[in-house]
Each structure stands twice: as C-alpha cells, then as structure tokens.
Amino acid sequence: MVMAREILRIENLHVSVEGTPIIRGLSMTINQGEIHVIMGRNGAGKSTLANVVMGHPAYEITEGSIHYCSEPLEELSVFERARAGMFLSFQYPAVIPGVQVGTFLKKSVQSVSDEPLKGRAFRKQLNEAMASLEMEKSVLSRYVNDGFSGGEKKRLEMLQMLLLKPTLALLDETDSGLDIDALRIVAKGINQVAPDAGCLIITHYQRLLDHVKPHFVHVMIDGKIIKTGGADLALELEAKGYDWLEPTAGAEA
Amino acid sequence: MSDEARDVIGDYRFGFHDPENSTIRFDKGLSEQVVRDISELKNEPEWMTDIRVKAYRHFVERKMPDWGNCHALNEINFENVTYFLRSSDATEKDWDDVPEDIKNTFDRLGIPDAEQKWLGGVTAQYESEAVYHSIREDLEAQGVLFFDMDSGLREHPEIVKKYFGTVVPHSDNKFSALNTAVWSGGSFIYVPKNVHVEMPVQAYFRINAKNMGQFERTLIIADEGSSIHYVEGCTAPTYSTDSLHSAVVELIAMKGAKIRYSTIQNWSANVFNLVTKRGVAHERATIEWVDGNIGSKLTMKYPAVLLKGEGAHAEVISVAYAGAGQHQDAGAKVHHLAPNTTSNILSKSISKNGGRSSYRGMLQVTPKADGCRSKIVCDALMLDSDSRSDTYPTMEVGNSSADLEHEASVSKVSGDQLFYLMSRGFTEEQAMGLIVNGFFEPFTRELPMEYAVELNKLLELEMEGSIG
C-alpha cells in the first residue's frame with residue numbers, strides 16, 4: 001500500500017492571543033484525500049486553530065510546530081501560504097467595498113498561479129464553478145461580500161475554494177446559519193475539492209455530515225483534542241452533547 | 001536629465017522631461033509690462049489687454065488667502081516664476097507636424113493610443129500653448145467650436161468677450177486675478193443648441209519646464225438643450241524648485257443643457273495647484289464636476305456650481321489622495337439661488353505616510369430658493385496614524401423648506417480586510433491597492449474607461465513599497 005501524501009502535521013501546538021493561551025498542546029496529521037472534522041463548544045479554540053494555520057498575525061505560537069507538505073510553516077507569510085495552496089473559508093468573510101467580485105476572483109486566481117492567467121480558460125472555469133454552486137452571474141458585478149446574506153457569503157467562499165484549488169482546505173464554520181439548500185451546495189463544493197486535498201472542517205453541527213463523509217472526527221475542548229473517532233462520533237455528540245467528554249466533569253461534580 | 005533633477009525625482013513615474021526648446025521665453029517675474037507684452041505677442045484685442053492689466057493690478061493688491069494651508073502658500077515666490085513660454089510657433093492640427101521631442105513626451109503618456117479610442121478632439125498643452133489640436137470631423141459637422149483658448153479668442157472674439165470672466169471674475173481671488181492677467185492656452189468650447197456631443201472631449205496638460213507656471217483658461221458654453229463631457233488630465237515631471245499651476249475654468253450651461261467636466265490631476269509633488277473652477281447652471285441645466293486630485297504639493301480647489309435657474313442640478317464627485325508631503329485641500333461649493341434646485345456632493349479622500357487631506361465645502365440656499373434638496377457625503381480613509389484628515393463644511397441656509405443631508409465618515413483599513421485578502425494570495429501592498437481602488441470606485445466608475453484603468457494603476461503604484 002502506498003502511503004498517502006502528508007498535507008498538514010501539527011505537533012504539540014500551543015497558541016496564545018495577547019498572552020492568553022488558547023490552544024494547549026494540539027497534535028494532528030492530515031493526509032491527502034482525508035476529511036477531518038473538528039467539533040467542540042464555542043471558545044474551545046477551533047477558529048484559532050484555523051486562523052493560526054493560515055498565519056493570522058494576532059496569534060502567537062508559543063510551543064510546538066506546524067508542517068505543511070512536510071515543510072515548516074512558520075516562516076511563510078499569509079499570502080505565501082495561499083500561494084502554496086492553503087485556503088481558509090472564513091466564518092465571517094471581510095467586506096471589501098468597491099471591489100467587484102469578478103475582478104477580485106480573477107486577481108486572486110492570478111496571484112496564486114505561476115503562469116499568466118488566460119482569460120478564456122479562466123472564464124470557462126468560473127462559469128463551471130458558478131454553475132455547480134448554483135450562483136447567479138450578477139454576483140460578479142457586486143462588491144466583495146458587500147450587502148451579502150450569510151448564505152451568499154458562504155457560497156462566495158466556496159466559489160473561491162473551487163477556483164483556487166487548494167491543497168489544504170480549512171473551513172471555519174462554513175455551514176453555520178445556512179438553510180438546507182445552501183448547506184447542500186456548500187457540501188457539494190467541499191466534495192469537489194476533497195479528493196485531491198486535505199480538508200479540515202470546523203463545525204458545530206452534525207447536519208453538514210449528512211452530505212460530507214468525514215474520515216476523522218475530533219472533539220476539541222480547552223484547546224486540546226480529547227477524542228478522535230470516525231463519522232459516528234459526530235452522531236454521538238449530536239445526541240449526547242460534550243459534557244460526557246469533559247476531563248474534569250466527574251472531579252468537579 | 002541632470003543628476004540634480006534625478007535626485008529629486010527619484011523613481012517618480014512621470015519624472016522625465018524633454019529639453020526645453022522654447023522659441024520665446026520671458027524672464028522670470030511679473031510686472032504690468034510683462035502682462036502687456038504677453039497680450040501684444042498674442043495680437044490680442046485691446047479689451048483683452050485691458051482685462052489682463054486690470055486683473056494684474058488686482059493681483060498685486062490682493063492679499064494671500066488667510067485660510068487653507070497658509071504656511072505652504074507663503075512659500076510661493078511669484079518672482080521666481082516664468083509667466084509665458086511658447087514651445088513651438090503654431091498650434092498644430094496634425095500629429096505628424098508636432099516636434100519630435102514633444103511627441104516623445106506624449107508617447108510616454110500614451111496619448112496617441114488614447115486618441116484613437118476616445119478622443120473627440122485633442123488640445124495638448126505643452127508648456128504654455130497648445131501645440132496639437134485636432135477636431136474630429138463629426139464635431140465640426142455638428143457645429144461645435146473647440147479651440148485652444150488663444151485661437152478661440154482670435155476666431156470668435158464676440159463669444160469670448162460676452163462670457164469671459166462672467167463666471168469667475170478676476171477679482172474672485174488672488175489666483176483668479178493672476179490667471180486672468182497672464183493666462184495662456186486652455187480650451188474654448190461652444191456647443192450649439194440641442195447638440196449632444198457623444199464622445200468625451202479631452203485635453204492633456206503638461207508642465208515641462210523648470211519653474212514653469214501654467215495658467216490655462218478654459219471656457220465652455222453649452223447652449224440650450226445641448227450636452228458635452230469634457231475630460232482634462234495632467235501629469236508633470238518634478239524639479240527641485242516649486243512650480244505653480246493656477247488655472248481658471250468657467251462653465252455655462254444654458255436652459256436644459258448638461259456639462260460634465262472630469263479631471264484627474266497628477267502634478268508632481270512640488271507643484272502648487274491652485275485652481276478656480278465654477279459653473280453656472282440655468283433653468284433645468286445640469287453641471288457635473290468629476291474631480292480627482294492625486295498629485296501636487298498643495299492643491300486648493302473647490303469646484304463650484306451656481307444653480308441660477310429653477311430646477312437646475314449640480315453634481316460634484318471628488319477624490320483626493322494625499323501621500324507624504326502632500327496636502328489636498330479640496331471640496332465643493334454649491335449655491336442654490338433658484339427654487340427646486342438639487343445637488344449631490346460626494347467627496348472621498350485617502351491620506352497616507354503623513355499626507356493631509358481636507359474637505360472644504362460650502363452649501364448655500366438663498367431665501368427665495370424654495371424646495372431645494374442637497375445631499376453631501378464625505379468619506380475619509382486613513383492608511384496610517386501619521387496622516388491627517390479634516391472636514392470644514394459650511395452651510396448657509398436661508399430657506400426653511402430646504403431638504404439637506406450631510407454624512408461624514410472616517411475609516412481605517414481593517415486588519416480583517418488585510419488578512420482576508422492576503423489569505424487569497426495578495427501581498428499586503430496588493431491588498432492595500434485593492435482596498436484603495438475599491439474606496440475610490442464610486443468616483444472611478446464615472447470616468448471614461450482608460451482614465452479609470454490609469455487611475456487604478458496609479459493608485460496601485462502608490463501602494464508599492466509603502467508598507468514597512
């Protein structure tokens with residue numbers, strides 16, 4: 001059996017924000033073709049993990065390491081990570097007033113590409129991606145996330161993911177606040193990218209997993225992964241909540 | 001280019017110049033005799049000489065403005081300015097006849113290409129006088145008069161005499177007096193009744209001589225029911241001593257006429273750009289100023305509209321970019337003098353690297369002007385904490401039926417925006433460039449396409465190497 005290519009390796013990671021420790025000793029490895037899901041309560045450090053992997057300047061790694069495609073990640077700035085094939089679907093994508101979606105997408109795809117972008121090829125790719133996400137063409141002339149509903153924002157995130165074809169896709173609560181149709185479309189985007197990439201999906205809800213089949217489900221509490229299982233674990237969490245997993249639950253009761 | 005000049009210019013994009021090939025050049029400094037000599041050299045009618053002399057006397061007596069950036073204004077040494085310079089003897093109509101070194105300058109600015117696509121006619125201002133002037137056949141066929149101002153005065157003195165100085169009198173301010181005394185070049189346009197000029201009519205302006213003052217004078221008259229869009233853009237090379245640009249633009253929109261006047265000024269960072277722009281809108285007429293200020297050391301410019309006829313409308317859309325050592329003191333003035341007149345003012349400014357941008361606005365509603373509406377929006381974007389942005393709005397409202405709105409905002413580029421864009425592959429500089437272009441977009445979309453593209457490129461260049 002051929003070993004799958006390693007995409008992301010996190011070892012004993014400790015992360016602080018303004019001196020407050022958020023992640024306290026987290027380790028995980030994601031190989032090509034694997035979908036990993038992280039679940040946990042608000043404040044467990046899930047979004048911090050996604051942001052720190054993408055290189056957000058506000059987060060400080062105090063201990064441990066992150067390797068991307070077997071190379072240490074520390075020295076790479078945010079845009080270099082993007083150009084190396086990393087992608088973060090934001091929980092709250094920023095509004096960029098006055099910048100049209102079409103212009104933004106083209107420039108973004110150009111920026112991660114080594115070769116000059118061919119107009120016709122890009123348009124074809126764009127049309128296909130938009131069709132598969134059931135998006136209206138009129139989105140292209142709107143300003144990036146300006147006046148977008150929650151669902152529209154998440155669809156635009158998925159469109160960017162399809163166009164940028166990441167090697168590592170980090171999805172930070174991409175499913176939050178979506179109706180059934182939007183959820184189905186977001187799942188479609190993930191499933192399109194997943195076979196060639198490593199995927200890390202952060203979510204609160206099991207319902208996305210009706211459409212996306214994870215290989216691993218991790219439970220994060222207090223900045224650590226305290227339990228890892230298969231897709232069934234998500235169902236169990238949905239039914240039982242997180243209390244039963246609290247390491248100190250018994251001691252404090 | 002001398003080493004000294006290169007030191008000053010640095011890598012400024014348009015920091016090049018051709019050797020001066022002036023055939024006639026006055027000594028520096030100003031006197032009544034210099035004013036008379038300019039007029040005589042141009043073979044002007046006596047009434048124009050008289051206007052110039054009267055304006056000169058007013059200029060001498062008139063004090064410097066005691067508002068705006070007085071400190072910078074007082075740096076201007078009027079004795080160190082050349083008031084007239086002619087770089088080629090005749091005004092050219094054919095590009096082939098334009099002197100080679102002058103052509104090179106325009107080639108580097110991309111003007112011939114621009115002409116093919118967009119130009120309804122070209123008046124290229126090289127130093128003090130137009131050297132190249134072409135009018136598309138369709139313009140001529142429509143009966144539109146489009147000349148450089150000197151030729152306009154020669155060919156149609158009766159029209160010039162009727163309107164010159166009626167919108168901006170020489171006594172308006174010190175710099176309108178100076179311009180009236182020594183004006184040279186600029187454009188003269190008359191659009192006959194009910195004629196619609198479909199293509200934007202354009203002129204490029206350029207300073208290319210050391211210490212060269214540029215005092216162009218533009219007069220546009222749109223007769224009843226007609227419309228025209230005039231576009232003016234300029235770039236200038238940088239020199240070690242300060243340059244003075246002091247233009248006057250007068251617009252007259254007759255009943256039901258529409259004039260749009262678009263400008264992007266990109267004077268090099270040592271130029272004082274002190275310009276008086278004003279239009280009169282008669283009954284149901286519209287005047288629109290689309291005004292972009294990117295360059296210069298100090299700009300003081302407040303495009304104005306006098307809404308004189310019932311139902312007239314004014315639109316002023318302006319942007320200002322103030323980088324290191326720059327002060328953009330710009331804004332708008334609208335005077336509602338008649339009932340049911342309306343106005344919209346949108347002002348957007350960016351300050352960076354210690355630059356300063358000020359919005360100075362005047363909105364007046366006279367007692368007899370019933371049912372007026374006006375909306376003013378001022379947005380400022382600060383790219384760092386060393387920069388400065390101020391707003392000086394003045395409102396004089398003498399009629400209680402007026403419906404007025406005023407919104408102002410100051411914002412900074414957020415870390416979230418930068419992180420988002422960088423996570424999509426943009427460098428920090430590229431991300432800033434996108435944000436800045438987006439901020440100016442309500443202005444940029446009003447420009448002809450090539451100007452919009454040029455402005456976006458210019459702003460992206462401004463963002464390069466700027467992030468420490």
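Reader: Which residues are buried in α3(A)?
Author: This is a predicted model, in which local features need pLDDT of at least 70 and side-chain atom pairs count only at pLDDT 80 or more, while totals for chains, interfaces and linings use all residues. Residues are numbered from 1 along each chain as its sequence is written, and chains are lettered from A and ligands numbered from 1 in the order in which they are written. A residue is buried if 20 or more other C-beta atoms, placed from the backbone, lie within 10 Å of its own, exposed if 12 or fewer, and partly exposed in between. In α3(A), the buried residues are A:Val101, A:Phe104, A:Leu105, A:Ser108 and A:Val112.

Reader: Within what arc do the buried residues of α3(A) fall?
Author: An α-helix has 3.6 residues a turn, so residues three or four places apart point the same way. The buried residues of α3(A) line one face of the helix, because the directions from the helix axis to their C-beta atoms fall within an arc of 95°.

Reader: How are α5(A) and α6(A) oriented to each other?
Author: Axes are lines fitted to C-alpha atoms, for helices over the stretch in contact, with angles from 0 to 180 degrees between N-to-C directions. The axes of α5(A) and α6(A), residues 180–193, come within 10 Å and cross at roughly 15°. Angles under 35 degrees count as roughly parallel, over 145 as roughly antiparallel, 65 to 115 as roughly perpendicular and the rest as oblique. The two helices α5(A) and α6(A) are therefore roughly parallel.

Reader: Which element of chain B gives the most residues to the side that touches chain A?
Author: Two residues are in contact if their C-beta atoms, placed from the backbone, lie within 7 Å. On that basis 18 residues of chain B are in contact with 19 residues of chain A. The elements giving two or more residues to this side of chain B are α11 (415–422) and α12 (428–444). The most, seven residues, come from α12(B).

Reader: Against which elements do the buried residues of α11(B) pack?
Author: The buried residues of α11(B) are B:Gln417, B:Phe419, B:Tyr420, B:Leu421 and B:Met422. These residues pack against α12 of chain B together with α2 and β7 of chain A.

Key. Helix = DSSP H or I, 4+ residues; strand = E, 2+ residues; numbered from the N terminus.
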